[in-house]
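Dear colleague,

I am passing on the structure below, with the notes that I made while going through it. Please read them with the model open beside you.

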Amino acid sequence: MKYISTRKNNEQVSFREAVINGLSNNGGLYVPKEIPKLPSSFFKTIEDYSNNEIAYKVLHPFVQESLNEEQLMQIIEETLSFPIPLKNIEENIFALELFHGPTQAFKDVGARFMSRCLSHFKTKKEQALNILVATSGDTGSAVANGFFNVPNVAVTILFPKGKVSPYQEYQMTSLGKNIHVIEVEGTFDDCQQLVKKAFTDVELKKRIKLSSANSINIARLLPQMLYYFFAYKQLKPYVNDKKVVVSVPSGNLGNVTAGLFAQQMGLPVSKFIAALNTNDTFLEYLTTGIYQSKPSVLTYSNAMDVGNPSNFERILYLYQQKIHLVRKYIAAYSFSDADTLEEIMQTFKKHNYLLDPHGAIGKLALSQYLDGNSAGVFLGTAHPQKFSEVIQKVIPEYVSKKVDLRNCNKQTISNSYQEFKEFLHSTI
Ligand SMILES: *Cc1c(COP(=O)(O)O)cnc(C)c1O
């Protein structure tokens, strides 16, 4: 399987190169040249396969050029070392809980898969790879955890001071070793700006080999296809002849794009829903046909506060830029912070199930779309514990996890590029 750029050119690279490069050399995102179909017999008997067997079947065609059977099996085993259960919440509504990994958000799967691929790709003789990540919380924790102690790879994470939860900060800063954390006096956009500037700094790139672990990296995206297969496997006994709908709490649209890939492989899902907070760029595109990025707005579901979703380009590519095809496969809904709190409270009261703010938006969007002929799954993308400050607004008795930030490893800088660059030079 070769990978090509969403902004077409002659470039064709292996999985290994796509992972190491991160972004194509013409600024496009890497996509697989074709998406292989699995036989319908596989879906008829999917419950006979273990999760690891499913993962191998799904991922093997995408990586076979760069990883042998044994390496892929080992990566899968390490990546999927925690349960991904499907819970029935109310009639025809199910939650796929993706938050039982080490940092309690779905990004653990992508970060673990990517780090383990890289550790096979990097040899000792090569120059060490420096991964730069700007984060509003969850990406930083998952990447820090996934790359901790990976040989020949150093990670630098930038987060906006005071704008991540104490628990997220603890998850990033408690590791040390090859994980460097910078607290920036500024916003998430400032952090992203510093990272972008580093990637275009020719002088810096001569001295340091840089790469990214944001969801533009294809190695983070591909393993996310597995969620949808695991959901279908567990949902199948309940479905009968109903259509299957999946609602995905979305920010950069990486997770929903992975679902669309799974559908193209043959997975019987009739519709995907991009569940959005007030950052509704994608909904406006579906409604008006015009894509207009916006500055991001801060909400309770902060991992979805994205005004210019990077994977939009992959979705357009998948449907040959045709909006009627995008509309055929994806719907979108947007909800406010007030809707989010109300949903957390109601679901807790009526069904004794605790939603995090992202999952709450996923469930709201699903309920809006569902009719009597379909069964739906929403993704629980984060553990409620990570957002206890929000949950306590409607469930005051909810107890938050205490964290000790005294022994954290972080450095504070202003939002000046010069300071950031000096920091990078000091870490190599
Ligand atoms: C990152 C994240 C999202 C958004 O996922 P995308 O792939 O960026 O659309 C949703 N929920 C949580 C908890 C996240 O961490």
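**Ligand contacts**

A polar backbone atom of L253 lies 2.9 Å from an oxygen atom of the ligand, a polar contact being a pair of N or O atoms within 3.5 Å. The model is a predicted one, in which local features need pLDDT of at least 70 and side-chain atom pairs count only at pLDDT 80 or more, while totals for chains, interfaces and linings use all residues. Residues are numbered from 1 along each chain as its sequence is written, and side-chain values use heavy atoms, with hydrogens and water left out.

For G254, a backbone N or O atom is 3.1 Å from an oxygen atom of the ligand, and for D138 a side-chain N or O atom is 2.6 Å from a ligand oxygen. Of the 390 Å² that the ligand exposes when taken alone, the protein buries 97% (accessible areas by the Shrake-Rupley method with a 1.4 Å probe). The ligand is surrounded by 15 residues, the closest being K107, D138, G251, N252 and T381, where a residue counts if one of its heavy atoms lies within 4 Å. This shell divides into six nonpolar, seven polar and two charged residues, with Gly counted as polar.

**Second largest pocket**

The second largest pocket has a volume of about 170 Å³ (a pocket being, on a 1 Å grid over the protein atoms alone, an open set of points where a 1.4 Å probe fits, with protein on both sides within 12 Å along at least five of seven lines; lining residues have an atom within 4 Å of a point). At least two lining residues come from each of β2 (30-32), α12 (254-264) and α14 (312-318) (DSSP runs, with at least four residues for helices and at least two for strands). The lining, which includes F261, Y317 and K33, divides into eight nonpolar, two polar and two charged residues.

**Aromatic pairs**

There are 15 aromatic pairs in the structure, that is, rings with centres within 6.5 Å, stacked if their planes are under 30 degrees apart, edge-to-face if over 60 and tilted otherwise. The ring centres of F15 and F121 are 6.0 Å apart with the planes at 80°, so this pair is edge-to-face.

Technical notes. Grid points are joined across faces, edges and corners, and a volume is the space filled by probe spheres set on the points. A polar contact is a pair of N or O atoms within 3.5 Å; within protein, one must be able to donate a hydrogen and the other to accept it, and residues adjacent in sequence count only if both atoms are side-chain atoms.
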